[in-house]
Amino acid sequence: METIQTKASQGRVADAPSDHWVYRVLPRALWPYAQLARWDRPIGWQLLLWPCWWSAAMAASAYARPEDTLDSLLPLPSTLILFFIGAVAMRGAGCTYNDIVDVNIDNQVERTRSRPLPSGKVSRRKAWLFLLLQALIGLAVLLQFDSFTILLGICSLAVVAAYPFMKRITNWPQFVLGLAFSWGALLGWSAEFGDVDEPAILLYVGAIMWTIGYDTIYAHQDKEDDAIVGVKSTARLFGENTKAWLIVLYGGALMCFAVAFANAQVPMPSMAGLIAAAVHMGRQILVLDIDDGDQCLKLFRSNNQVGWLIFLGLIGGACWNFLKPMI
């Protein structure tokens with residue numbers, strides 16, 4: 001399905017894969033809602049999910065002892081599933097809210113004018129109702145945790161609500177996005193310990209730097225249109241110095257992750273995931289062409305692999321701690 005959506009015709013949004021299951025499985029009446037929630041572009045919920053899963057895995061294997069069982073060293077499957085549902089629901093709610101706030105801007109940008117609100121495929125009222133439904137799903141997930149984690153999760157809503165307006169007033173909207181997208185780094189630890197300790201805070205800071213880095217790459221797709229309509233971004237701010245900034249941001253993120261793992265005393269083999277992630281991030285910086293929008297999108301999406309590498313490193317470290325006495 002190659003048709004790009006316009007005011008005159010229904011189709012896919014410009015930056016969604018043409019063969020996505022949304023367009024093959026869902027009835028056309030549901031396409032605008034899937035587009036509002038970005039179900040046709042899963043990278044958003046994936047990047048929102050990774051700090052949650054990292055934190056849950058780090059907390060599970062924290063302060064590991066040789067006599068610990070494997071079950072005690074791994075995050076609960078139920079916790080991972082809850083974070084998955086919450087990430088999909090809250091990413092969808094956040095994107096719906098962002099589209100409601102940004103409809104006039106989106107109508108002036110080539111990549112975003114095919115979204116359901118500027119293309120007239122859904123009304124603001126229906127978008128608000130859909131936002132409420134997704135938020136209720138997110139709340140239902142949050143209520144499965146302890147009271148401290150529930151309160152901590154609710155506190156993130158202030159950052160989420162502020163984010164769409166930041167591109168109008170600061171060159172660092174990606175920093176505010178990082179504050180929101182990295183919140184799970186606190187929640188995963190809190191779900192295990194009922195508190196927020198230094199390892200979680202370090203993981204959170206590192207995830208913020210990672211988010212600024214990958215979203216800067218993403219924002220380079222729109223920098224010409226953004227300049228015309230007056231939207232600010234780190235892509236416009238960094239400009240030709242983007243690679244140098246990415247070295248600082250990605251390097252700082254990896255350093256924070258490493259110190260977080262050390263402070264949590266997770267099994268040492270967990271660091272292998274960080275080493276693999278560092279190689280991946282380094283390659284992103286090496287090959288980046290900030291004037292190639294298609295490549296920027298591809299490199300942005302590749303950060304899902306960074307998420308897997310770090311998570312699997314933590315899982316591997318937990319398994320090593322369990323198996324080491326048997327070797």
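Analyst: Helices here are DSSP runs of H or I with at least four residues, strands are runs of E with at least two, and both are numbered from the N terminus. The model under discussion is a predicted one. With that definition, residues 201–219 are 100% helix and 0% strand, and the C-alpha atoms at the two ends are 26 Å apart.

User: What are the helix and strand percentages over residues 72–90?

Analyst: Residues 72–90 are 84% helix and 0% strand, with 29 Å between the end C-alpha atoms.

User: How should one read the length of a helix, and what span does α11 have?

Analyst: The general idea begins with the turn. An α-helix has 3.6 residues a turn, so residues three or four places apart point the same way. In this model, α11 covers residues 198–219; its 22 residues should span 32 Å at 1.5 Å a residue, and the end C-alpha atoms are 31 Å apart, so the two values agree. Helix α3, residues 43–60, gives a second case: its 18 residues reach 25 Å from first to last C-alpha, close to the 26 Å expected.

User: Where does α3 bend, and which proline follows?

Analyst: The bend, about 30°, is at L49, and the proline P51 follows within four residues.

User: How many residues of α3 and of α11 are buried?

Analyst: The cut-off needed here is that a residue with under 20% relative accessible area is buried. In α3, 18 of 18 residues are buried. In α11 the count is 19 of 22, so this helix is largely enclosed by the rest of the structure.

User: How is a nonpolar core to be read, and which residues have the most contacts inside the largest one?

Analyst: In soluble globular proteins, nonpolar side chains tend to be buried together. In this model the largest nonpolar core has 72 residues, and W54, M58, W210 and F261 have the most contacts inside it. Helix α3 supplies the largest share of this core, 13 residues. A second, separate core has 11 residues, including A37, Y97, V122 and F130.

User: Which residues does W54 contact beyond its neighbours in sequence?

Analyst: Leaving aside neighbours within four places, W54 is in contact with L203, W210, F257, V306, G307, I310, F311 and L314.

User: Which residues form an aromatic cluster with W54?

Analyst: A pair of aromatic rings is described by the distance of the centres and the angle of the planes. The search of the whole structure finds 23 aromatic pairs. One cluster is formed by W54, W210, Y214, Y218, F257 and F300.

User: I310 was named as a contact of W54. Where is I310, and is this residue buried or exposed?

Analyst: I310 is in α17, residues 303–323. Its relative accessibility is 1%, which means that I310 counts as buried. Beyond four places in sequence, I310 touches W54, F257, F261, G273, L274 and A277. I310 and F257 are 53 residues apart in sequence, yet their C-alpha atoms are 9.3 Å apart.

User: Why do the polar residues H280 and T234 count as buried?

Analyst: H280 counts as buried because its relative accessibility is 15%, and T234 because its value is 0%. H280 is in α15, residues 271–287, and touches S302, Q305, V306 and L309, apart from residues up to four places away. T234 lies in α13, residues 234–238. With the same exclusion, T234 touches N171, W172, Q174, I212, T216 and G239.

User: What is the phi of R38 and of Q265?

Analyst: Most residues other than glycine have a negative phi, and most peptide bonds are trans. Phi of R38 is near 65°, a positive value, and phi of Q265 is near 55°, also positive. R38 lies in the loop between α2 and α3, and counts as buried because its relative accessibility is 6%. Q265 is found in the loop between α14 and α15.

Terms used:
Residues are numbered from 1 along each chain as its sequence is written. This is a predicted model: local features need pLDDT of at least 70, side-chain atom pairs count only at pLDDT 80 or more; totals for chains, interfaces and linings use all residues. Side-chain values use heavy atoms; hydrogens and water are left out. The expected span of a helix is 1.5 Å times one less than its number of residues. The bend at a residue is the angle between axes fitted to the seven residues ending there and the seven starting there. Buried means under 20% relative accessible area, exposed over 50%, partly exposed in between (1.4 Å probe, protein chains only). Rings of Phe, Tyr and Trp (its six-membered ring) pair if their centres lie within 6.5 Å; planes under 30 degrees apart count as stacked, over 60 as edge-to-face and the rest as tilted. A nonpolar core is a set of buried Ala, Val, Leu, Ile, Met, Phe, Trp, Tyr and Cys residues joined through side-chain atoms within 4.5 Å. Contact means heavy atoms within 4.5 Å.
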